[in-house]
Amino acid sequence: MKSGKFTSLTRLLATSVTALGLLAAGPALAIDSIKMLVPANPGGGWDQTGRGLQQALQQNDIVKKVQVDNKGGAAGTIGLAQFVNSSKGDGNALLVGGSVMVGGIALNKSPVNLSQVTPIARLTGEYDVLVVPANSPIKSLKELIAQFKANPGSVSWGGGSAGGTDHIIVAMIAQASGVDASKINYIPFAGGGEAQAAIMGGHVTVGLSGYNEFAGQIEAKKLRPIAVTSGKRLPGIDVPTLKEQGVDVELANWRAVFGAPGINEQQKKDLIAAVEKAVNTKTWKDLLAKNGWNDAYLAGDEFKTYLTNEIAKTEQIMTSLGLVKK
């Protein structure tokens, strides 16, 4: 009898300890694993964003396993097509993308577009800086715009892919300055290193990219910054905005994540919840500070509305450039 009582008590204690352990562990994860597609080669901004989000999700036990795959090409549209065709209804799939992809879809006449995926959240925004070589005769934005107005073709602009954020900024500067956007002399480069070498070598008049891309050369006085594309001056960076110098242009290169086509409302909510937890971690905030990215978090339907407006604006600008025919 004593033995039976002891056994029952032991079982009761064991059950209680197990229950307490489960309570201590917290609620089960809504999403156990994520497959994240980065539609660009390793090392660039989209890749850094995807792998940073992977770290924030895994290191903080938000999602147990996050697998990142790269599929670059055509401003992200090759990866987008793969994602749309292979991930229908998959609540564990995410795609990294951003403003460059919006232009890429229009430019490449992509058979797939962002209306076919599920907007989850805008994550970051990065403003461009306009730079000239340290030995350039152009000392200010005013002088650059004067030359641009007098002879648009004499000013060569070096930036990222055709139709991307950098190219669109140049088109907006042209429109704000009364210059025919079709006369822009824009030279696209595959990567920041290639663009930087061309700018410092004097092969282009002016270059533009995210501030962090040129920060080292600016600090070394090899490049002269003449404007940033933010609405207000960037914290800790003593460079005037385009707006305060009389050119009414403001634009950020934003990056975001999208869910698969055809996921249900609960799957969408679970992905948004996981991403929201991730962007509030120290892991993510440290990444923003390290890369000089702005926290531009905007989720769900609000992001969807923003995206719709961005697509319309981008297509209008690219039509004015003559890159897209109506």
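The axes of H6 and H11 come within 10 Å and cross at roughly 70 degrees in this predicted model. An angle from 65 to 115 degrees counts as roughly perpendicular, so H6 is roughly perpendicular to H11. H11 also packs against H4, where the axes cross at roughly 50 degrees. H11 gives the most residues to the lining of the largest cavity. H11 likewise gives the most to the lining of the second largest pocket.

**H6 against H11**

- From H6, the contact uses His167, Ile168, Ala171, Met172 and Gln175.
- From H11, the contact uses Thr314, Gln316, Ile317, Ser320 and Leu321.
- By class, this contact of H6 with H11 has five nonpolar residues, five polar ones and no charged ones.

**H4 against H11**

- The axes of H4 and H11 come within 10 Å.
- Their crossing angle is roughly 50 degrees, and the two helices are therefore oblique to each other.
- The crossing of H4 and H11 is right-handed.
- H4 brings Val102, Gly103, Ala106 and Leu107 to the contact.
- H11 meets them with Leu307, Glu310, Ile311, Thr314, Glu315 and Met318.
- Six nonpolar, two polar and two charged residues make up the contact of H4 with H11.
- Thr314 of H11 is named in the contact with H4, and Thr314 is also named in the contact with H6.

**The cavity**

- The structure holds one cavity of 30 Å³ or more.
- The largest cavity has a volume of about 60 Å³.
- Its lining consists of Ser99, Val102, Thr165, Ile168, Leu251, Ala252, Glu310, Lys313, Thr314 and Ile317.
- The lining of the largest cavity divides into five nonpolar, three polar and two charged residues.
- Val102 lines the cavity and takes part in the contact of H4 with H11.
- Glu310 lines the cavity and meets H4 from the H11 side.
- Ile168 and Ile317 line the cavity and belong to the contact of H6 with H11.
- Thr314 is in the cavity lining too.

**The second largest pocket**

- The second largest pocket holds about 280 Å³ of space.
- Its lining has 16 residues.
- Nearest the pocket centre lie Leu114, Ser115, Val117, Pro119 and Leu307.
- H11 gives six residues here, the most of any element.
- Eight residues of the pocket lining are nonpolar, four are polar and four are charged.
- Leu307 lies among those nearest the pocket centre, and Leu307 also takes part in the contact of H11 with H4.

**H2 against H10**

- Helix H2 (residues 45-59) and helix H10 (residues 282-291) pack at about 155 degrees.
- Their axes are 8 Å apart.
- An angle over 145 degrees counts as roughly antiparallel, so H2 is roughly antiparallel to H10.
- The crossing of H2 and H10 is right-handed.
- H2 contributes Gln48, Thr49, Gly52, Leu53, Gln55, Ala56 and Gln59 to the contact.
- H10 contributes Thr283, Trp284, Leu287 and Asn291.
- The contact of H2 with H10 has four nonpolar, seven polar and no charged residues.

Definitions and conventions: Residues numbered from 1 in each chain as written. Predicted model: local features only at pLDDT ≥ 70, side-chain atom pairs only at ≥ 80, totals over all residues. Heavy atoms only, no water. 1 Å grid on protein atoms, 1.4 Å probe; cavity = no way out; pocket = protein on both sides within 12 Å on 5 of 7 lines; lining within 4 Å. Points joined across faces, edges and corners; volume = space filled by probe spheres on them. Helix = DSSP H or I, 4+ residues; strand = E, 2+ residues; numbered from the N terminus. Nonpolar A, V, L, I, M, F, W, Y, C, P; charged D, E, K, R; others polar. Axes fitted to C-alpha atoms, helices over the stretch in contact; angles between N-to-C directions. Parallel < 35°, antiparallel > 145°, perpendicular 65-115°, else oblique. Left-handed = near helix turned anticlockwise from the far one by under 90°. Contact = heavy atoms within 4.5 Å.
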